Amino acid sequence: MALVTVVPPQIPKEDPEVIVDPPKIITTPCDPWPRPYHLEDGLRKVLPYHFTYNTYCKQRWRGREILDIFATEFRDRPQEYYKDAIECGRVVINGQKVSSIHEIVKNGDVISHTLHRHEPPVTAQPIGIVHEDNDMIVINKPAGVPVHPAGRYNYNSIVEIMRAERGHGWNPLPCNRLDRLTSGVMFIGKHAKAAEKLTNQIMARTVKKEYVARVIGDFPEGDVICDQPVMQISPKLGLNRARASGKDAKTIFKKLAYYPPAAATNGAEPAGQDNRSVEERQRDSKMEWKAKKGYSIVRCLPLTGRTHQLRVHLQFLGHPISNDPIYCNQRVFGPSLAAGDALSDNDEDIISRLSKMGKSEAAEAMAYHDEMMEEYNKRKAEKMTGELCAVCDTPLYSDPGPQELGIYLHARRYACQDGNWDYQTPLPVWALPPPGMDGPADTTTETDPMALVDEVGELKMDKAKLNRNGTGEHVEKPRPL
């Protein structure tokens, strides 16, 4: 029998696994400690310092040129600055200087930007402590201070101010978020487990939240529901609007008090007498919001948590927050202040007008200040001074005026749905009765929007449309059987 040579099968060799190093990043030249704070004229200021931003390529940036990303996504500097920063190597990708401003950004890239950082001032008002235990700090956040480092703010943020107060190694963990301009109740976890527990409660909507707002005009009586969807129109400007194609949103509003103009209550002018000049009458005839006299204090119960939800819903109802620099700005939204507007296609015009605010002119709530106060605050408002930084040629801004440090929106109360805890603050000063007028100095049971939810469960209630520009719904409380 012939012998047959058996050749063993050839097992292909696998190439050794190649481990790719992560993209290189640049680290900030320094991390000053103590933080470079100084207090002046009621403001907390930060001395300019060098800083490096590092960010991974976002999905919407993939396949785009580096200059296009900076020019369209970031409002802090003009396009000429970003072009020069890229060409000089202050903006790099994966730690390497790019070949041109047309460099394409890919998935996984890390973009680094080193600059001489100028932070805007914030209020010097201290962060109030509502409650503290081994797991959690409940604070009363001052208006005008952002929660996290973002945009132009870094050390002038709640997280960094609390770290500066308690030690460099302490890591505050915010559990809920408030807009920079909003004040009120916030939860700061002392450790990850406590922060996760409360964050999950809020995400599961088992925490009831109540806000207080000061709005133009005489807000309707009773329980007012607004369920207009909210859509983000410009991520760059943080602009949102009521749009049918937006995300579901629902808020219950209830008036706490109404305060008419002072002249209507102190007898300074006979009833019905109009002492305005011809020029003033012509000016006011073009401002629809001028017909809404006085202001109301309104309690707000958001049943969803969309960005700017309360501000957008109050604008839609025709009673925007009276010093809101965006949603109560006639120069941005026109004479009607976009009351009842969920269909117009003028978003590009709105974005263009809003983008000019705070650069060549002050960002102001046109519907709040009388003319004398308006002109004063306009001069005091933060805007470009025309001067440049001696280190980096950055255009310098003036200090913000008092009206820019916050808006009349306050997170007054957070309560566990199961009744395990309930934290609240007093009414802010701007919600108290003005001098010479009577009104509630605290909330009342009769005006509690949370009671409405407790009474009717899933909000199954009789609804009667308000005859106010077709906006909102008036809800009658259920009658006892």
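These are my notebook entries on a predicted model, taken one feature at a time.

**Ground rules**

Residues are numbered from 1 along each chain as its sequence is written, and side-chain values use heavy atoms, with hydrogens and water left out.

**Overall tally**

I started with the secondary structure, which comes to 10 helices and 23 strands. Helices (H or I, at least four residues) and strands (E, at least two) are DSSP runs, numbered from the N terminus. Of the 481 residues, 47% count as buried. Buried here is under 20% relative accessible area, exposed is over 50%, and partly exposed is in between (1.4 Å probe, protein chains only). The protein exposes about 25600 Å², and carbon and sulfur atoms supply 52% of that. Those areas come from the Shrake-Rupley method with a 1.4 Å probe; for residues, only the protein chains shown count as cover. I also looked up contacts (heavy atoms within 4.5 Å). Among those between residues at least 6 apart in sequence, 68% join residues at least 24 apart.

I found a cis peptide bond from Trp33 to Pro34, with omega near 0 degrees. For context, most peptide bonds are trans. Pro34 sits in the segment before E1.

E1 belongs to an open sheet of 3 strands, ordered E1-E2-E7 and paired antiparallel. Strands E1 (37-40) and E7 (122-123) are at the edges with a single partner strand each, so one side of each is left without a neighbour in the sheet. Two strands pair if DSSP finds at least two bridges between them; E1 and E2 (residues 43-46) have 4.

Next came an open sheet of 4 strands, in the order E3-E6-E4-E5 and with antiparallel pairing. Its edge strands, E3 (49-56) and E5 (96-97), each pair on one side only. Inside the sheet I checked E4 (residues 91-93) against E6 (residues 110-117), an antiparallel pair over 3 bridges. Val92 stands opposite Ser112 in E6. H2 packs on this sheet, touching E4, E5 and E6, and its direction makes about 110 degrees with that of E6.

**H1 against H2**

Which helices did I look at as a pair? H1 (residues 66-73) and H2 (residues 79-88) have axes that come within 9 Å and cross at roughly 145 degrees. Axes are lines fitted to C-alpha atoms, for helices over the stretch in contact, and angles run from 0 to 180 degrees between N-to-C directions. From H1, the contact uses Ile66, Leu67, Phe70 and Ala71; from H2, it uses Gln79, Tyr82, Lys83 and Ile86. I sorted these residues into 6 nonpolar, 1 polar and 1 charged. In that scheme Ala, Val, Leu, Ile, Met, Phe, Trp, Tyr, Cys and Pro count as nonpolar, Asp, Glu, Lys and Arg as charged, and the others, Gly among them, as polar.

**E13, covered on both faces**

In strand E13 (residues 223-226), Asp223 and Ile225 on one side and Val224 and Cys226 on the other are all buried. E13 runs antiparallel to E16 (residues 251-259), joined by 4 bridges. Cys226 has Thr251 in E16 as its bridge partner.

**Two positive phi values**

Most residues other than glycine have a negative phi, and I logged two exceptions. Arg205 has a positive phi of about 60 degrees and is found in the loop between H4 (192-203) and E12 (207-216). Ala338 has a positive phi of about 65 degrees and lies in the loop between H7 (330-333) and H8 (347-356). Is Ala338 buried or exposed? Ala338 is buried, with a relative accessible area of 5%.

Asn154 lies in the loop between E9 (136-141) and H3 (158-166), yet is buried at a relative accessible area of 7%. Leaving aside neighbours within four places in sequence, Asn154 is in contact with Tyr49, Phe51, Arg117, Glu119, Pro149 and Glu160.

Not counting residues up to four places away in sequence, Ser234 touches Leu239 and Ile351.

Technical notes: This is a predicted model: local features need pLDDT of at least 70, side-chain atom pairs count only at pLDDT 80 or more; totals for chains, interfaces and linings use all residues.
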